[in-house]
Structures are given as C-alpha cells and as structure tokens.
Amino acid sequence: MSTNSRYDFSMGTKLANDLQVEAWMAFHAIRVTVIPPLARHLSEHCGLSEAEYQVFIGLRSTPEMELKPSQLAEELGWEMGRLSHQISRMETKGLLIRKQCPVDARSCFIGMTKKGKALIDKALPLQLKEVKRLFGDALTNQQMKNLIEISEAVVEHVTRAKTRETTTK
C-alpha cells in the first residue's frame, strides 16, 4: 500500500499527510515559542497570570465589561469549573466582583473592580507592546493577513465539527 505520509501506520484510518503534520508542527512551534515569554512578561511587569489576563480581556469584549459566567466561559473557551475557580481567586485578590442579575436571582454577572480595571489598563499597553516585539515585528502585513485567514478557517472548521457532534448525539 502506497501512502503520502511517513506517519501512515496502516490503521485503516486517514492520517494527516506530511504537509499537514509540518503545518501543525509549525503552529505548535509558534505557540510554545511565543506564549511562555508573553506569560512571563505579564507576570514580571504587570503582576498578572496569563489566566487573569484572559479573564480581563474576555470581560473587555463587551461595552459593559461584565458577563454572565457562562458567557465568559464561552468567550474564553474554558470549562465552567476552571472559570469558577479562576473567578474565586480573582475575587479574593479584589480584582473581580459578582453582581446579582436584576432579572434572574439565580444568575450573576462578573465584572471588574476598580483595582482590576486599573491593573488591566496598565497591563494591556505593556502586553501589546510585547506582542508587537515578539510577534508582529517578525511578520509582514501580508503574512499577518494570511495568518488571520488561516485562523478563521480553522476556527470555522472546528466550530462546524463541534456543531455536527452535538447534533448527532
């Protein structure tokens, strides 16, 4: 049997071909090269963990800068258990507050405290400067446009696959 991949282990299933594996490994190399120094920068210069930063960015995605926990979990792509623990830690630090939902007493909104807002307002420009240095300065405008297009295609594909999985269960 002839194959188009050095990764074909003759298991009767279609495996990624060499180009797909090489592209995946290139994506993985970017992730493991860029994310750790960005996380370190957040911690050292802003006193934020990567998870705290993600929660703040998720909250900043709305004009009100507050979301229901389920909406925030969806925005971040996190499980509710992980988010619940993160919210509790950030509440303890005085960075987040839970606000009672005015129409549903069983629900709440997660928002930033003044301390949390001040912290993300300080961190965001510093982090974006570091993103530019480590990531943006390495790419041409066309490469960035291509990367955006690639990211959108993969996200759309995975989202469609998830939808098919949930509708067939």
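Predicted model: local features only at pLDDT ≥ 70, side-chain atom pairs only at ≥ 80, totals over all residues.
1. Basis. Local features need pLDDT of at least 70 and side-chain atom pairs count only at pLDDT 80 or more, while totals for chains, interfaces and linings use all residues. Residues are numbered from 1 along each chain as its sequence is written, and side-chain values use heavy atoms, with hydrogens and water left out.

2. Cysteines. With a disulfide taken as a pair of cysteine sulfur atoms within 2.5 Å, the count is zero. Cys101 is in no disulfide, and its nearest cysteine sulfur, that of Cys108, is 8.5 Å away. Cys101 is buried at 5% relative accessibility, where buried means under 20% relative accessible area, exposed over 50% and partly exposed in between (1.4 Å probe, protein chains only). Cys46 is buried, with a relative accessible area of 5%.

3. Nonpolar core. A nonpolar core is a set of buried Ala, Val, Leu, Ile, Met, Phe, Trp, Tyr and Cys residues joined through side-chain atoms within 4.5 Å. The largest one has 25 residues, of which Leu48, Val55, Phe56, Leu59, Leu83 and Leu96 touch the most other members. At least two residues each come from α1 (18-46), α2 (50-60), α3, α4 (80-92), β3 (108-112) and α5 (114-134); α2 gives the largest share, five residues. Helices (H or I, at least four residues) and strands (E, at least two) are DSSP runs, numbered from the N terminus.

4. Leu48. Leaving aside residues up to four places away in sequence, Leu48 touches Leu42, Ser43, Tyr53, Phe56, Leu119, Ile120 and Ala123, contact meaning heavy atoms within 4.5 Å.

5. Gln71. This residue lies in helix α3 (residues 69-76) and is partly exposed at 39% relative accessibility. Gln71 and Gly58 are 13 residues apart in sequence and 9.3 Å apart in space, C-alpha to C-alpha.
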